[in-house]
Every structure is written in structure tokens, then in C-alpha cells.
Amino acid sequence: MLMRHRKMQMLLIILLIVSIALIGCGKNSSAGNDDGKAPSDKITLTIGHFDIDDNGAIFRDALEKFRKENPEINLVEEAVPHDPYRVKMTTLGASGELPDLFVANGSMLLDYIPKGYVGTFNEALDQDAEWKNGFLPNSFDEFTTDGKIYGVPTAMFSVHVIYYNKELFKQAGIASFPQTWEEFTDAILKLKDNGLTPIAMGNKSNVPVGSVLFGTLADRYTGTAWFKAVKEGTAKFTDPEFVDSLKALQKLAEMGAFNPDINSIDGDMARTLYFNKQAAMIVDGAWAVTNISRDAPEDIQKATGLAILPAVPGGKGDPMSVAGGSGWSLAFNSELTGAKKDAAIALIKSVSGQEYGRTKIENNGQPPVKVEEYDQSKLSPLSVDYFELMNDKKFSPIYDIQLSPALVEVIYKGLQDLLIGGVTPEELSKKIQSVRDTMK
Amino acid sequence: MSNSRLFKLRAGPAFRYLVPIFSMYAFTVLLPLLISIYYSVFNEGGTKFIGLQNYILLAKDNDFWFSVKNNIILTIFSVLGQVGFAFLIASFFMTKLLKLEGLHRIAIFLPVVLAPVVTGYLWSLIYNYRMGVLNWLLNLFNADPVLWLDNPNYVLYSVSVPLIWQYIGLYFIIFLAGMQNISKEVLEASEIDGATWFKKTAYVIFPLLKNVMSVALILCITGTLKVFDHIYVMTGGGPGRSSMVMAQYAYNNAFTMSRLSYGSTISIGMLILCAIIVLIMSRWIGGESEK
């Protein structure tokens, strides 16, 4: 009797342990079942993306349309906002459990490619010349390694645009947007004397200043060739050109060009300063065209002009270039084969072709494809201005998209430190180079 | 003989009932720890065994030691602020002057039940440069607004305040429980002998609370050494690295810089440092109470 009692106890305990262990494995085993036992022909595709806000409505509509056209495909969206998406993807990348399809930038792909997680598009692109030739020149650059294409661009835009308030400029006695660096710094001082914040930015997450301002500023000094040399390891971050660009940013901060709380507010709060006429300029990516067209008060929309950083004295870079490019791409998991892979490619085609591009441009977006015919009247005036501004501009590299995540973090965190005077340009350049040296 | 048999009868089932909890502990604590150690001796991507190379890198990492320094400063503040204030408040509760005891107790304990993330957001609003309560108050006195979270010279002090504010209540409750355990006779005897409030607190209550105090100190030190949520929400270690703490540094390395094995190395380093500090502390406290 006693023995049986004990046995029951042991049985219960073992059951408990097993059930706990099974809970731990729950996710894995159910995912495995989907692959094997799914009812015949029904293909399940998971897609990870961050287009959940108003700007992403076009993408979601396109996915919905794809669902309707392909009822045999069960499309599962794993969508989270942008910032957590990047964290999530790094974590999934570390454990090798990426979704079937996902939105990835160049830096993420650099992380995944050596691990063999992403499939190549070369074959699919070669088979469909119309699709391939529809893209803008250089739009695949950031997703290509050794001639292999790992991602299809989702947009092509400049990450650096200066949005300035013409009215406030006039009140400060500045007739037009400055064309030289000296005029630019003069204008900043004049705006400051008028009690305005010259440039409002929100750098809490430490990406904005580095991405939308410093990338272009650095290119003015170093030129794009230097950047390529750094990537190959033949140039160094301690080179005088790069240090000069750090110094220029430091000088801007010292003369009070930015809002004093730049490092503790985010981009939305900075935009609000601009909307309230407390700030004369904001520096932001092309995506802010959509935001301003939608959210800004009418008088601000009318007063807003677009410009880019002027040339710097002694700079080696092309003053007509801005940091920009495709930025994000759609990539697929290298584990996909057969029908699943075909379905994935079909989906990617549906959100990167002509038709999708037209919808995007008519909603004030910046598609990666040459859109032949579109209804210009649907565009906001700011969008028209933007395409005009970009007409004669070239794209220079975006730091956070072309460099590896570790390097990006050290540069951008360092810039935050530089803005508050916590580090000198020389020290920072040495620190960045030391991280560069630890990589192969 | 019969005694030991009795013990066996009790211990056997007791241990067996503990098995589920132990296995849970193994899954949630021991296993991740072992996996971290495993990650930390491999290169990024986990393709090659590199031995202790990461640890050597860590020992030379200026940023890591900077965050250790920040952690230690925060710990000193927390010990003084959390444990010190809590003891003072608890000893006020032992006097008979206090009215509405229950209300005060709830008010002091309430922040403890808030999620750290909520506290962080709350205080980053209080600290806000343009619309924060603190700068509004300063404005009333015609003082210049202060960049509470932007100035590297005092950002660490700014972030330590919410940390102290949140956990005073916890130690307060611990002390209050301890003080209520002190027998009434001792306190009454000291009062009859003419001890003032200060003398009663310093020479009667404090020595009698030594054990409770050492528990509170250990809790406070370990809690502050692994602080993450508050810092993550308020500054993310910034501006630059001025409010970086060990846990945030490990997080940044593993999840934003995609250096998982180095991130694991940092957390193991953190574990070792915490263990050493706690060991020294408990020796020190234990040694004193033996005298």
C-alpha cells in the first residue's frame, strides 16, 4: 500500500516535470508541426515587418490583396513597431529562428549573411527581366555581397532633408537658405538671437543625429570614396577628414544650433517644436515629408521649404550628395524551398512592382522603382518639392545601414557624447577605430 | 534511532515535493546561466571556440569598468537613500506622535508595487526639460530650467532618485516588522531610564535590528547592482555613456550591437563581480555582529 502511494507520488512529480519541459518546447514543436502536417497544398508563410502605423497602410493593403489573390497561401504577419522590431530580429538572428520572409536593412543582412540565414534573389531576378529592370539604379547596392543579391528594396529615399520654416527665416533677416557653410552658421546664430531653436532634433535613441545629419555632414568632408576604403579597411576613422567632420558637428553643438534637450527627447517631440514655430529647422529623413503633409498645421506646411546641408570648406565630398539609398529590403529565409519559396518570391514581387510603386508614390512615398505614369495631383506640395530637390542629387552611404551593428552603436553613442561635450573628436575617432580594428 | 527515522520520513517526501520547484529553477536560472557561459567562450556566431579571449577583452574594456563605477556609485546612493531613509522613517513610526499610521504606511509602500518601467516613465516626465514638474517649480522661483537627464555631470544623480524613491517602502516594511518584534519591555525600560528618541533609536533599536539590517543591506546591494529597467527607460545609458550600468551595457552589446557572445561575457562578469561584493559585504557584517 505504502509502495503504491509512493509510486503515485513519483508519477505525479515526473508528470509535472515533463509538462514543464514541454511548455518550454511548446513553440518549437508546434512550428515543426506546421511544416509537416499542414493540410495538403495550404502553404503557411510567416512575414516579419514593422509597417503597423499610418505610413505602413499601403504595405498592409498590398498584403491583404495578396491574400485574396492567393487563397491557398496562409500568410501570417508578425508585425511590431520599428524599434522593438530591430531588437526582435537581432534576437531571432542570434538563435537562427527568423520568419520565412522579413524586412531587413543592410546592416541586419551583414549580420545574417555569414550565418547563412538568407536566400539569394539572383535566379529569380534573372528570370523576370521586367521586374529586375524596373528598379532604380544602385537600389540593390546595400543588399549585395560578392555579386549575390540578398534583398529586394522596399523604398529608395534620402535620409537627410532639412525642413526649414521660410517665414521664421525671413523674420530673422535671412532671405534664402544659406548656400555656404559660413552663411549656414551665420543663419544659425541669427535664428538663435531671435529666440528660436535653430535646429530641433530628438536624439534619445541616439540614431537620429548620426543617421540623418552626421552621415551627410561626414560625407561632405570625407567623400564617398573614403567610406568605401574604410569598409575595405584601407582607410581609418582617425583620418583627418573624418575628425574634421566630428569637429564640425561639435562646433554646431557648441554654438547652440540644437535644442538643449536633444538627447532626452524623441523625433516626435522635436517635430512638435517645429510645428509650434519654436524651432526654425528640423533635419529628418524623407519619411518626414509624409508626416508633415499629414500632421503639420496648414501655415507650417505652406511655410516649409526643403534644403540640404551646404558645402563645407575644404571638404572632399560632393556637395550635391545626400545620405540615402534603399535602406530596407525584403529578404527570405534560406530554409525555404519549392512551393514555399515560389510563394515567397511571388509575394515580394507584389510589393515591389510597378503597381505597388505607383500606389506608394501617390501616397507621398518614395518607391524603389521607376514609376512611369502616376497622378501628380495626388501628391502633396511638399512631395513635389522633394522629388524636385532630389532630381540632381546623388546618394551617399547611410552609416547605420552599411556598417555593422557594433560599429554603428559605437559611432552613434559617441556622437551623443560629443554633442554634450563628453568626448573630444580625436578621442572619439580613436575609439571608433579601435572597434573597427577588432573586426576582421 | 527513532529520532533519525522520524527525520527521514519527513525529509524524503519534502525533497520530492521540492523537485518541481528545483526543476523550474534549473530551467529559468541555471540553464540560461550555463548557456551564457557557453556563448561567452565562443566567437560571434558561435562557430569557433575561443576560450577566455572574451574575458580578457572584458578586463581591458574601459566602458565596462566605467559602468561598474556607475553601478557602485548608484549602490552607495541606494544604500544611504533606501536603507538609511527607510530606517529613519521606521523609527519615527515607533514614536507615539504619529497620527494616521495606516495612511502613511500605504503612501510609503505604494511605489514598491509600481513596475520599474512605469516609475521610469513617470520620472522622465518629471525631469522633462520643457514640461516637467521640476523645471516648472524652478520657473516659479525664476530659476533657469535644468537639463536633468542631458547633463553628463549629474545625470547619474538624477537617475538614482527614482531608484531610491521606489524602494524606500520595501526596506521600511522590513524594518517596521523588525522593530515591532523588539519586546515592549526593553523599550519601556529604556524610556524609564530617560532615553530620548535619538538615544532609544541609536542604542537600543539599532543594535537589536542588526540581523534585519544585514538582510536589508544585502537585498539593496544586489538589487542595485543589477538595476536595468529604470535606466533603460529614462536614458538608455546616455547621454553617451554617462549613465551606463552593467546590465544596460550587456543589453546594448547583445541586442543592439548584435554581439551576443560578448554580451554574455559581460553578464557573467557582472555575476562574478556581484558575488564578490556580496561575499565581502556579508563577511564584514557577519564579522561585526560576532563581537
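**A friendly note on chains A and B**

1. Let us begin with chain B: among its contacts with a separation of 6 or more, 71% join residues 24 or more positions apart. Two residues are in contact here if their C-beta atoms, placed from the backbone, lie within 7 Å. Please keep in mind that this is a predicted model, in which local features need pLDDT of at least 70, side-chain atom pairs count only at pLDDT 80 or more, and totals for chains, interfaces and linings use all residues. Residues are numbered from 1 along each chain as its sequence is written, while chains are lettered from A and ligands numbered from 1 in the order in which they are written.

2. Chain B has 13 helices and zero strands. Helices (H or I, at least four residues) and strands (E, at least two) are DSSP runs, numbered from the N terminus. Along the principal axes, the C-alpha atoms of chain B fill a box of roughly 80 × 75 × 35 Å. Of the 291 residues in chain B, 34% are buried. A residue is buried if 20 or more other C-beta atoms lie within 10 Å of its own, exposed if 12 or fewer, and partly exposed in between, with C-beta atoms placed from the backbone.

3. Now to where the two chains meet: 28 residues of chain A are in contact with 24 residues of chain B. On the chain A side, helix 1 (2-37), helix 3 (82-95) and helix 19 are the elements that give two or more residues. Helix 19 of chain A gives the most, with seven residues. By class, the chain A side divides into 12 nonpolar, 10 polar and six charged residues. Ala, Val, Leu, Ile, Met, Phe, Trp, Tyr, Cys and Pro count as nonpolar, Asp, Glu, Lys and Arg as charged, and the others, Gly among them, as polar.

4. Helix 19 of chain A also packs against helix 9 of chain A, at an angle of about 85° and with the axes 9 Å apart. That makes helix 9 of chain A roughly perpendicular to helix 19 of chain A (65 to 115 degrees counts as roughly perpendicular, under 35 as roughly parallel, over 145 as roughly antiparallel and the rest as oblique). The contact is made by A:Val209, A:Gly210 and A:Phe214 of helix 9 and by A:Ile411, A:Tyr412, A:Leu415 and A:Leu419 of helix 19.

5. Helix 9 (208-222) and helix 19 (405-419) of chain A turn up again, with helix 20 (425-438), among what covers the buried residues of helix 11 of chain A. Those buried residues are A:Phe242, A:Asp244, A:Ser245, A:Leu246, A:Ala248 and A:Leu249. After helix 11 of chain A comes A:Gly256, whose phi is positive, near 80°.

6. Chain A is divided into domain 1 (44-156 + 326-372) and domain 2 (158-324 + 389-438); the bounds come from an automatic or database domain assignment. The contact between them takes 13 residues from domain 1 and 15 residues from domain 2.

7. Two loop residues of chain A are worth a look. Most residues other than glycine have a negative phi. A:Asp146 has a positive phi, near 50°, and is found in the loop between strand 4 (144-145) and strand 5 (148-149). With 5 C-beta neighbours inside 10 Å, A:Asp146 counts as exposed. A:Lys277 also has a positive phi, near 60°, and counts as partly exposed with 16 C-beta neighbours inside 10 Å.

Terms used. Axes are lines fitted to C-alpha atoms, for helices over the stretch in contact, and angles run from 0 to 180 degrees between N-to-C directions.
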